[in-house]
Amino acid sequence: MTNLLLIDSSPRGDASVTRRLTAAFQAAWRAAGRGDAIRHRDLAETPVPHLDGTILGAFFSPAENHTPEQAAAAALSETLVSELEAADVIVIGAPMFNFAIPSVLKAYIDHVARAGRTFRYTEAGPQGLLTGKKVYVLTARGGPASAMDFVEPYLRGMLGFLGLTDVTFIAATDLNMGADPAAKALAAADRSVAQAVTALAA
């Protein structure tokens, strides 16, 4: 059995293009007979808190010294990390907001980027511990590819730091460039999602 972790981060509900793409991925996954192994984490519906002093205190102090608030923060982080560890395939819906990822997705990354859990320091430098997994990032933006796109370089770098180096980006672009370019971009993204699931099933 192959375990799928699907992460949505867009707050736009039914208007979200990345949610359309993650839903298409999930539907194709189920159609391939693998629907019994899906874990869905909706960061817009149930956001994780942004880092504060309490959370950082939990991350950098022994469990026996934790306050109840710190213990809760540490437990949430452990749950999120465990979901990643259990997944064989990870799908992340990551729309471009102001040239970068939504803040809820950044907060999630801050909770799972944990020294000693998802990466470690060695004499040769940092080593990611979340290895052997396939990642798809489904993203959307209003215009074409641009040097101001910080979604892919940030996520590729951050995921790689955690050991997630097998990453494929599928982007729906030109969504604000008129009805025809948007329709063509969505159709192309839908085809890429279907091809990705077919490749996994093979």
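Visitor: Which element gives the largest share of the lining of the largest cavity?

Guide: That is α4, with four residues. Bear in mind that this is a predicted model. The elements that give two or more residues to this lining are β3, α4 and α5.

Visitor: What makes this space a cavity rather than a pocket?

Guide: A cavity is a set of points where a 1.4 Å probe fits but cannot get out, whereas a pocket is an open set. By that rule, with a threshold of 30 Å³ or more, the count comes to one cavity. The largest cavity has a volume of about 100 Å³.

Visitor: Which residues of helix α5 are buried?

Guide: In α5, residues 151-161, the buried ones are V151, L155, M158 and L159.

Visitor: And why are they said to line one face of the helix?

Guide: Looking down the axis of α5, the buried residues fall within an arc of 95 degrees, so they line one face. What covers them includes β3 (89-93), α4 (103-112), β6 (134-140) and β7 (166-172). After α5 comes G163, with a positive phi near 100 degrees.

Visitor: Why is T22 called buried?

Guide: Buried means under 20% relative accessible area. T22 has 1%, so T22 is buried. This residue lies in helix α1 (residues 17-31). Leaving aside residues up to four places away in sequence, T22 touches L6, D8, V91, G93 and L138.

Visitor: V48 lies in a loop, so what makes V48 count as buried?

Guide: The same cut-off of under 20% applies, and V48 has 4% relative accessibility, so V48 counts as buried. The loop in question runs between β2 (38-42) and α2 (53-59). Not counting residues up to four places away in sequence, V48 touches L43, L76, L80, V104, A107, Y108 and H111. Take L80 from that list: V48 and L80 are 32 residues apart along the chain, and their C-alpha atoms are separated by 9.7 Å.

Visitor: Why is F99 called partly exposed?

Guide: Partly exposed covers what lies between the buried limit of 20% and the exposed limit of 50%. F99 has 39% relative accessibility, so F99 counts as partly exposed. F99 is in the loop between β3 and α4. Its phi is near 75 degrees, a positive value in a residue other than glycine.

Visitor: What is the phi of D174, and where does D174 lie?

Guide: D174 has a positive phi of about 60 degrees although it is not a glycine. Its place is in the loop between β7 and α6 (179-201). With a relative accessible area of 22%, D174 is partly exposed, because the buried class requires a value under 20%.

Visitor: How do you know that β4 and β5 pair?

Guide: Pairing needs at least two bridges, and β4 (residues 119-122) and β5 (residues 125-128) pair in the antiparallel sense over four bridges. Y121 stands opposite P126 in β5. The two strands form a hairpin with two residues between them.

Notes
Residues are numbered from 1 along each chain as its sequence is written. This is a predicted model: local features need pLDDT of at least 70, side-chain atom pairs count only at pLDDT 80 or more; totals for chains, interfaces and linings use all residues. Side-chain values use heavy atoms; hydrogens and water are left out. Buried means under 20% relative accessible area, exposed over 50%, partly exposed in between (1.4 Å probe, protein chains only). The arc is that of the directions from the helix axis to the C-beta atoms. Contact means heavy atoms within 4.5 Å. On a 1 Å grid over the protein atoms alone, a cavity is a set of points where a 1.4 Å probe fits but cannot get out, and a pocket is an open set with protein on both sides within 12 Å along at least five of seven lines; lining residues have an atom within 4 Å of a point. Grid points are joined across faces, edges and corners, and a volume is the space filled by probe spheres set on the points.
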